[in-house]
Each structure stands twice: as C-alpha cells, then as structure tokens.
Amino acid sequence: MLQLPRELTYRQARSCLVQLRPQVQAFDGAQVRVDASGVEVFDSAALAVLLACRRTAKAADKQLVVVGLPQGLQSMAALYGVDGLLTDASSPS
C-alpha cells in the first residue's frame with residue numbers, strides 16, 4: 001500500500017506527485033491502494049495529487065483506491081464534486 005505524507009499542501013504536492021506517479025505505475029496488481037490516514041495537514045492540493053494519481057493508475061489499467069481519507073478531505077472532495085472519484089474499498093457502493 002502506498003502512503004501519503006503527514007503534510008500535503010501546495011508546498012509538498014509537486015514532490016509528492018513526482019514520488020507517487022512511478023510507484024502507482026509500477027504497483028503490482030489491478031488495484032493500487034493509497035493510505036491517506038496519516039494526512040494531518042492538507043489543502044486542496046492533496047486532492048489534486050490524488051486525482052493525478054488516479055489518472056496515472058487509469059492510464060496503466062489500474063484502479064486507485066484511497067483508504068483512510070481524513071474527514072476534512074472527504075468534505076473538501078464532496079464540495080468540489082470529486083468524492084466519487086476517490087473510491088474507498090471499505091465504503092459501500
């Protein structure tokens with residue numbers, strides 16, 4: 001499982017994405033799981049990183065599954081209308 005950092009704001013977004021993209025592409029299996037439970041400090045850039053990872057996964061014929069998305073990020077995703085794009089395998093469909 002891939003792990004997001006504790007802090008993911010516009011300041012860390014680019015370097016985080018540079019690290020995550022190749023990991024998503026090289027991930028073994030059809031489902032790439034990303035653990036967001038450790039994210040404590042974030043802004044909308046965190047969603048941008050996750051959506052970019054989703055695009056990378058989709059281009060590699062994989063599904064990105066985000067687990068442990070903090071409530072604040074869930075609310076932000078819902079506000080922006082992208083909550084359905086950040087699938088949590090433990091959530092009922």
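# Cysteines, sheet and core

Q: How many disulfides does the count give?
A: The count comes to zero disulfides, a disulfide being a pair of cysteine sulfur atoms within 2.5 Å. Cys 16 is in none, and the nearest cysteine sulfur, that of Cys 53, is 6.8 Å away. Cys 53 is likewise in no disulfide, with the sulfur of Cys 16 as its nearest at 6.8 Å.

Q: What kind of model is this, and how are residues numbered?
A: The model is predicted: local features need pLDDT of at least 70, side-chain atom pairs count only at pLDDT 80 or more, and totals for chains, interfaces and linings use all residues. Residues are numbered from 1 along each chain as its sequence is written, and side-chain values use heavy atoms, with hydrogens and water left out.

Q: Back to the cysteines. Is Cys 16 buried or exposed?
A: Cys 16 counts as buried at 6% relative accessibility, and Cys 53 counts as buried at 2%. Buried is under 20% relative accessible area, exposed is over 50% and partly exposed is in between, with a 1.4 Å probe and protein chains only.

Q: Sheet next. What is the strand order?
A: The order is S1-S3-S5 in an open sheet of three strands with parallel pairing. Strands S1 (2-3) and S5 (63-67) are at the edges with a single partner strand each, so one side of each has no neighbour in the sheet. Strands pair if DSSP finds at least two bridges between them; strands are DSSP runs of E, at least two residues, and helices are runs of H or I, at least four, numbered from the N terminus.

Q: How many bridges join S3 to S5?
A: Five bridges join S3 (residues 31-35) to S5, and the two run parallel. Within that pairing, Val 65 of S5 is the bridge partner of Arg 33.

Q: Which helix lies across S3 and S5?
A: That is H2 (residues 44-59), at about 150° to S5. Axes are lines fitted to C-alpha atoms, for helices over the stretch in contact, and angles run from 0 to 180 degrees between N-to-C directions.

Q: What do the buried residues of H2 pack against?
A: They pack against S2 (7-8), H1, S3, S4 (41-42), S5 and H3, where contact means heavy atoms within 4.5 Å. Among the buried residues of H2 are Leu 47, Val 49, Leu 50 and Cys 53.

Q: And the largest nonpolar core, how many residues has it?
A: It has 29 residues, and Leu 4, Val 49 and Leu 86 have the most contacts inside it. H1 (10-26), S3, H2, S5 and H3 each give two or more residues to this core. H2 provides the largest share, nine residues. A nonpolar core is a set of buried Ala, Val, Leu, Ile, Met, Phe, Trp, Tyr and Cys residues joined through side-chain atoms within 4.5 Å.

Q: Which residues does Leu 4 contact?
A: Leaving aside neighbours within four places in sequence, Leu 4 contacts Cys 16, Leu 20, Val 34, Asp 35, Ala 36, Val 39 and Leu 50.

Q: Where is Met 76?
A: Met 76 is in H3 (residues 71-80) and is buried, with a relative accessible area of 18%. Not counting residues up to four places away in sequence, Met 76 touches Phe 42, Asp 43, Ser 44 and Leu 47.

Q: Last one: where does Thr 9 lie?
A: Thr 9 lies in the loop between S2 and H1. Thr 9 is buried at 10% relative accessible area. Its contacts, leaving aside neighbours within four places in sequence, are Val 41, Phe 42, Asp 43 and Ala 45.
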